[in-house]
Amino acid sequence: RGTSEKYSRELRRMTPEVLQAMCKERYMWVQPHLNTQMFLNYRGFDAIEGLEDYIRVRSLHLGNNNIRKIECLERMSDLVSLHLEANSIARIENLFGNLKLRHL
């Protein structure tokens, strides 16, 4: 049971490997800096993480996950649209640098 839980938890993390695999699977750019849209919805992610290299994203789709806190988006200064429907958001942090953000 312990190994199964650990494996399940690891699948729900936004690691660079998971993000790269999702980019291939969902026909996005494999090179992080080329993506202006990211579709990371319906994956059961528990947290927003691992997006440091995705600096040109303008539209980020994170709906239908298990995210509780909006965080780790400060490097996405071009972010205009952030889709977080059907999550468990309880806290918002560090969106001060996202001056172009218009849709939350």
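Q: Which residues does S59 touch, leaving out those up to four places away in sequence?
A: S59 touches T36, Q37, M38, L79, S81 and H83. A contact here means heavy atoms within 4.5 Å.

Q: Before we go on, what kind of model is this, and how are things counted?
A: This is a predicted model, where local features need pLDDT of at least 70, side-chain atom pairs count only at pLDDT 80 or more, and totals for chains, interfaces and linings use all residues. Residues are numbered from 1 along each chain as its sequence is written, and side-chain values use heavy atoms, with hydrogens and water left out.

Q: Thanks! Is S59 buried or exposed?
A: S59 is buried, at 13% relative accessibility. Buried means under 20% relative accessible area, exposed over 50%, and partly exposed in between, with a 1.4 Å probe and protein chains only.

Q: And where does S59 lie?
A: S59 lies in strand β2, residues 59-61. Strands are DSSP runs of E with at least two residues, helices are runs of H or I with at least four, and both are numbered from the N terminus.

Q: What's the strand order in the sheet?
A: The order is β1-β2-β4, an open sheet of 3 strands with parallel pairing. Two strands pair if DSSP finds at least two bridges between them.

Q: Which strands stand at the edges?
A: β1 (37-39) and β4 (81-83) do; each has a single partner strand, so one side of each is left without a neighbour in the sheet.

Q: How many bridges join β2 to β4?
A: There are 3 bridges between β2 and β4, which run parallel. As an example, H61 has H83 in β4 as its bridge partner.

Q: Switching topic: how many disulfides are there?
A: The count is 0 disulfides, where a disulfide is a pair of cysteine sulfur atoms within 2.5 Å.

Q: And C23, buried or exposed?
A: C23 is buried, with a relative accessible area of 0%. C72, on the other hand, counts as partly exposed at 30%.

Q: What about the backbone, what is phi of Y27 near?
A: Phi of Y27 is near 60°, a positive value in a residue other than glycine. Most residues other than glycine have a negative phi.

Q: Where is Y27?
A: Y27 is in the loop between α2 (16-25) and β1, and counts as exposed at 77% relative accessibility.

Q: And Y42, where is that found?
A: Y42 is found in the loop between β1 and β2. Phi of Y42 is near 60° too, a positive value, and Y42 counts as exposed at 58% relative accessibility.
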